[in-house]
Amino acid sequence: MRSILIPAAGLAAFVPSAARASGPQTGDRPLNVVFILSDDHRYDYMEFLGTVPWLRTPNMDRMAREGAYLKNAFVTTSLSSPSRASILTGMFSHEHQVVDNTAPMPEGLIFFPEYLQQAGYATAFFGKWHMGNVGDEPQPGFDHWESFKGQGTYYNVRMNINGEQVVFDPGEYITDILTRDAISFMSDNRDRPFFVYLSHKAVHDPFEAAPHHRGMYSGEEVPRPESFNKPYYGISTAPSMDPDGEPAKGEEWYGEGRRPDWVKNQRESWHGVDYSYFGRSDWETEARKYCETLTSLDESIGEVLRFLEDNGLDENTLVIYMGDNGFCWGEHGLIDKRTFYEASVKVPMLAYCPGLIEGGTVVERMIQNIDIAPTVLEACGLAKALQMRGDSFIPLIAGREVDRWRDRIFYEYYWEYDFPQIPTTFGVRTDRYKYIRYHGIWDTNEFYDLLEDPAETVNLIASPEHREMIRRLAGELDDWLERTGGMNIPLKRTDRPRGNDHRNLRTY
């Protein structure tokens, strides 16, 4: 591994809120950065983890083998737009106010590529923006821009390229288009520091793989998570009480009767395994198509790595891969994200840079999406901006000791007009415990011992022996919200009439 030189080479002046700092570099200039973001890729669907025995992701495996695997990476909100805004701003959802997928972006947000741009970097965005609006117009911080409206399409692609609408051949695949154009930009800017934000549509529903990957997993058995059939339907018998008003010793009462009713109800919705995607097919078929689409995405990562290696840029380019949120494939009978369950909030994260990272590095510390902006800024020789809540994980992937790092993460999700089945949710997670609190719904909260119950099958919210820990975490959650200005629900205008749409009968 090539040694890292400090400080970073000088660049042009930039905005005051991101001060110059020493940063890693190999050779005579700060690192290039390629940030690759996928959509809805859950944390453990990578070949090297063995969750799905037949899944093939050789290039993600290479990143883990020759770079770093950040095994405990989480988002602050498990939803596309809020998570993407947290990535770009380094702030929590209640701070940047992008709280759902439809509300307009507030004015005045600063995206971290603006600092890179003003510091002399060539910056480019390719792919899905989908942050607080459905437009495709160029956004601040990028010299080059290629995007599409809303979720976009896998085929029949139409994109806004630097302000002009471009229609592609109907048979061209969006992942291939974005990858090709990102590589072209890097090739054109190889003689100066560059930052590329490659934001894939994949692996968002409806799942469509590249032609040569379609059907490659047909007939394979999709693993069922341990919590697939929990919660069961039905009502548990209430426990008898001892003289002190506690459950009688030895009586088990933390089962289905303590599971949230909204989770039970959602099992039969289009985001549940019993009626997945409005019944268009069974959930196993959808999961196999998801995996095929994921393998097509993995192929894109391989093309980026090969370009960097073939052009002598790999030693001096930091590649970060992550998902914008997790995804349930049967956990608690659910499909989709939004919840604070592990499969929903935990995301894949990999980092590759032979000149910086020792191959096979595993980072155990808890990382969040708010850490991406400070990390990229440090890689480029800049300090994080004052408004950013996250921290750079460069020291962690470089194998250096870090005395102080977070030992818990906080979570928030706000009720959406279009998805009323999921309540406003707040939570806190330590290395061992998770506390989930629901707002505005008559239902149970949740508490899990992740060491004893990693699948989150036994809700201990009423457990006497955990009462003090629950009280402490609830207080920490309130402290976090108060400290960061999150004690108000950020309501947004939502003009989304549904009329006779059978999928959602809510109207004005």
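Q: Let's start with one residue. What lies 3.1 Å from a polar atom of the side chain of Ser392?
A: The backbone nitrogen of Ile394 is found at that distance. Before going on, please note that this is a predicted model, in which local features need pLDDT of at least 70 and side-chain atom pairs count only at pLDDT 80 or more, while totals for chains, interfaces and linings use all residues. Residues are numbered from 1 along each chain as its sequence is written, and side-chain values use heavy atoms, with hydrogens and water left out.

Q: Which side chain does the side chain of Ser392 join in a polar contact?
A: A polar contact is a pair of N or O atoms within 3.5 Å; within protein, one must be able to donate a hydrogen and the other to accept it, and residues adjacent in sequence count only if both atoms are side-chain atoms. Here the partner of Ser392 is Glu378, at 2.5 Å.

Q: Where does Ser392 lie, and what does Ser392 touch?
A: Helices (H or I, at least four residues) and strands (E, at least two) are DSSP runs, numbered from the N terminus. Ser392 sits in the loop between helix 9 (372–379) and helix 10 (394–397). Leaving aside residues up to four places away in sequence, Ser392 is in contact (heavy atoms within 4.5 Å) with Pro374, Thr375, Glu378 and Trp405.

Q: Is Ser392 buried or exposed?
A: Buried means under 20% relative accessible area, exposed over 50%, and partly exposed in between (1.4 Å probe, protein chains only). Ser392 counts as buried because its relative accessibility is 14%.

Q: Which residues of helix 1 are buried, and what covers them?
A: In helix 1 (residues 58–66), they are Asn59, Met60, Asp61, Arg62, Met63 and Ala64. Their cover includes strand 2 (68–70), helix 7 (283–310), strand 9 (317–323) and strand 13 (349–352).

Q: In what order do the 3 strands of the open sheet come?
A: Strands of a sheet pair through backbone hydrogen bonds, either parallel or antiparallel. In this model the order is 12-3-15, with mixed pairing. At the edges, strand 12 (346–347) and strand 15 (367–368) each pair on one side only. Two strands pair if DSSP finds at least two bridges between them; strand 3 (residues 73–74) and strand 15 do so in the parallel sense over 2 bridges. Ala73, for example, has Ile367 of strand 15 as its bridge partner.

Q: How many helices and strands are in the protein?
A: The protein has 11 helices and 19 strands. Of its 508 residues, 60% are buried. Among contacts with a separation of 6 or more, 67% come from residues 24 or more positions apart.
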